[in-house]
Amino acid sequence: MMLRTVDLTKQFGGLLAVDRVNLEVREGTIHSIIGPNGAGKTTFFNMLTGEIPPTQGEVFFQEKKISGLKPYQIARIGIGRSFQQNSLFKNLTVLENVRLAAHIHLEGHFHFLRDFRSFHLPIDQAQKVLEEIEILDLADRKAGELSHGAQRALEVALALAADPALILLDEPTSGMSPDETIKMIRLIKKLAKQRTMIVIEHNMNLVWSISTVITVLHQGQVIATGTPSEIGDHPEVRKAYLGGYSG
Amino acid sequence: MLIEKSLGKKKSLLDREILILAGLLLLLPWVLPFKSLPAEILIYGLGAVSFNILLGYTGLLSFGQAAFFGSGAYLTGLFLIHWGWHPALILILSGIVGALFAAVIGFLSIQQVGIYFVMLTLAFNQLAFFLAYQWKTVTGGDDGLMNVPRPDFSLLPGFKISLQSNLEFFLFVWVIFIGSFILIRRIIYSPFGRILLAIRDNPNRARAVGYNITLYKLVAFIISGFFTGLAGGLFALFMKMVPVTAIDLLTSTDFIIMTLLGGTGSLYGPVIGALVTKVASEILSELWARWLFILGVIFVGFVLFMRGGIWGLFVAIWNKFKSGRVKEPS
């Protein structure tokens with residue numbers, strides 16, 4: 001099992017944001033988490049990556065307990081993430097953004113006395129990732145100067161930079177124009193082929209085309225987990241969330 | 001080609017930039033009409049460059065620099081008075097004591113961020129000041145630590161360099177300044193230095209990609225503290241005494257003002273800031289008793305309208321002239 005949560009719970013004061021969620025993600029699968037706004041999806045993500053400590057419950061990554069670890073520790077053992085709101089190194093170039101994210105995994109800590117450009121592994125890796133994400137042509141631009149769509153793509157690139165075993169994408173298409181969304185969907189489909197990912201997404205077209213498993217969250221609780229066709233036929237899901245959509 | 005455009009050119013330890021800087025600074029004793037000022041500029045310049053490791057490159061506004069500067073100065077003064085060790089060894093020790101103070105003050109302060117962090121560094125600097133102020137038997141208190149000797153510098157057995165004249169002492173400081181500057185620039189362009197930039201830009205993302213930002217901030221403090229302590233040691237040799245103002249909060253603000261005025265975006269800004277501040281105060285103080293007011297107005301003007309400082313202004317003008325030139329990532 002790549003990732004497993006046991007009764008993962010987060011309470012903010014009187015609000016039960018995430019309520020005893022048990023999730024299992026197998027290697028090589030794309031596991032989507034869907035649900036209306038406020039269902040607790042991002043809070044759930046933030047507990048996986050250590051940004052928020054859980055009130056209760058545990059997270060296991062490759063059968064090792066990771067709940068309680070700090071975000072930088074979790075990042076280092078092989079979980080990469082993107083954020084719903086762009087969180088980039090805005091004053092640095094696109095290549096430098098990805099190089100920084102790759103550096104620690106490839107070269108380790110505290111090199112003081114050699115020029116950073118003589119460390120080739122992270123530079124090569126950054127180029128490879130930018131090529132895969134199809135923004136290599138923007139490598140020399142400052143991240144803050146990119147269009148929203150390109151910034152979203154760079155978000156995904158930062159999640160991939162260290163070649164992590166598990167990738168968490170938090171609404172990769174959020175705030176995108178229709179054209180940009182089409183491009184991002186194509187991109188994620190391409191990435192999904194050889195990776196293990198957990199994806200939070202509102203775009204049902206994307207969710208249904210990439211997912212191996214879909215979990216539906218509603219008011220912090222899992223109301224259904226299954227293959228896309230099972231979820232599409234699930235009466236409670238249709239009622240709570242999907243409206244008339246049929247995959 | 002794309003890599004070079006995106007990351008800038010690799011910098012060797014000694015390149016044209018360093019040679020130009022070293023050459024220009026070497027001219028100071030012949031250009032400036034004030035005899036002891038050139039050495040003082042380089043000492044404050046080293047302090048300001050060290051401070052910019054924190055402010056410009058890590059995004060940490062430390063008001064604690066005078067604690068590192070003053071502790072280095074007192075250590076040098078005390079060792080020269082009481083034990084008379086070799087000045088080179090004492091200066092290294094003054095760097096180490098600055099680094100130790102920075103490790104303690106930095107460690108406690110970076111537990112907080114934003115204004116709370118700033119207030120903590122300020123409070124610790126006050127603490128260090130009152131310690132020096134009260135501990136009269138060791139530091140001389142308000143009177144300062146008097147009669148610090150400035151010995152000759154024995155390079156090899158039987159071969160001594162005199163540091164007595166203004167020019168001799170300037171050259172001594174110049175060598176240490178350039179050496180430190182080369183080292184600091186190397187650190188800034190090392191992977192470690194780049195991570196500091198990432199932390200300044202977006203600490204949450206730096207953490208999310210795997211960096212222990214608290215540890216990196218602490219190491220930045222220690223490096224800054226080392227070179228600030230070294231500058232303090234030079235200051236004791238320069239003054240032939242240690243005034244209690246060396247550890248005063250006002251010395252911290254001197255470094256801050258020099259750095260902001262010169263520009264935080266590069267390592268050259270603080271050097272220019274130290275030069276301009278020191279020269280301006282020399283000239284203005286002869287013209288008008290309230291000269292600090294003028295310096296204040298200039299400072300406010302730069303902070304309000306020229307955030308890049310004097311260096312930023314220079315770069316902007318340079319780029320206008322050479323438009324189309326590839327700009328290096330800062």
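Gly35(A) is buried in this predicted model. Around Gly35(A), 23 other C-beta atoms lie within 10 Å. The cut-off for a buried residue is 20 or more, so Gly35(A) qualifies. Where does Gly35(A) sit along chain A? Its place is the loop between β3 (30-34) and α1 (41-48) of chain A. Gly35(A) and Asp115(A) are 80 residues apart along the chain, and 47 Å separate their C-alpha atoms.

Now the domains. Chain A splits into domain 1 (1-78 + 166-247) and domain 2 (86-164). Taken over C-alpha atoms, their centres are 25 Å apart. In the contact between them, domain 1 of chain A supplies 14 residues and domain 2 of chain A supplies twelve. On the domain 1 side, the elements that give two or more residues are β7 (166-170) and α6 (178-192) of chain A. That side of domain 1 divides into eight nonpolar, three polar and three charged residues.

Next, a helix pair across two chains. Helix α3 (residues 94-107) of chain A meets helix α10 (residues 191-201) of chain B: their axes come within 11 Å and cross at roughly 140°. Is the pair oblique or antiparallel? Over 145 degrees would count as roughly antiparallel, so α3(A) is oblique to α10(B). The crossing is left-handed. The table lists the residues that make the contact.

| Helix | Contact residues |
|---|---|
| α3(A) | Leu100(A), His103(A), Glu107(A) |
| α10(B) | Pro191(B), Arg194(B), Ile195(B), Ala198(B) |

By type, the residues of this contact are four nonpolar, one polar and two charged.

How values were computed: Residues numbered from 1 in each chain as written. Chains lettered and ligands numbered in written order. Predicted model: local features only at pLDDT ≥ 70, side-chain atom pairs only at ≥ 80, totals over all residues. Axes fitted to C-alpha atoms, helices over the stretch in contact; angles between N-to-C directions. Helix = DSSP H or I, 4+ residues; strand = E, 2+ residues; numbered from the N terminus. Parallel < 35°, antiparallel > 145°, perpendicular 65-115°, else oblique. Left-handed = near helix turned anticlockwise from the far one by under 90°. Contact = placed C-beta atoms within 7 Å. Nonpolar A, V, L, I, M, F, W, Y, C, P; charged D, E, K, R; others polar. Buried ≥ 20, exposed ≤ 12 C-beta atoms within 10 Å, placed from the backbone. Domains from an automatic or database assignment.
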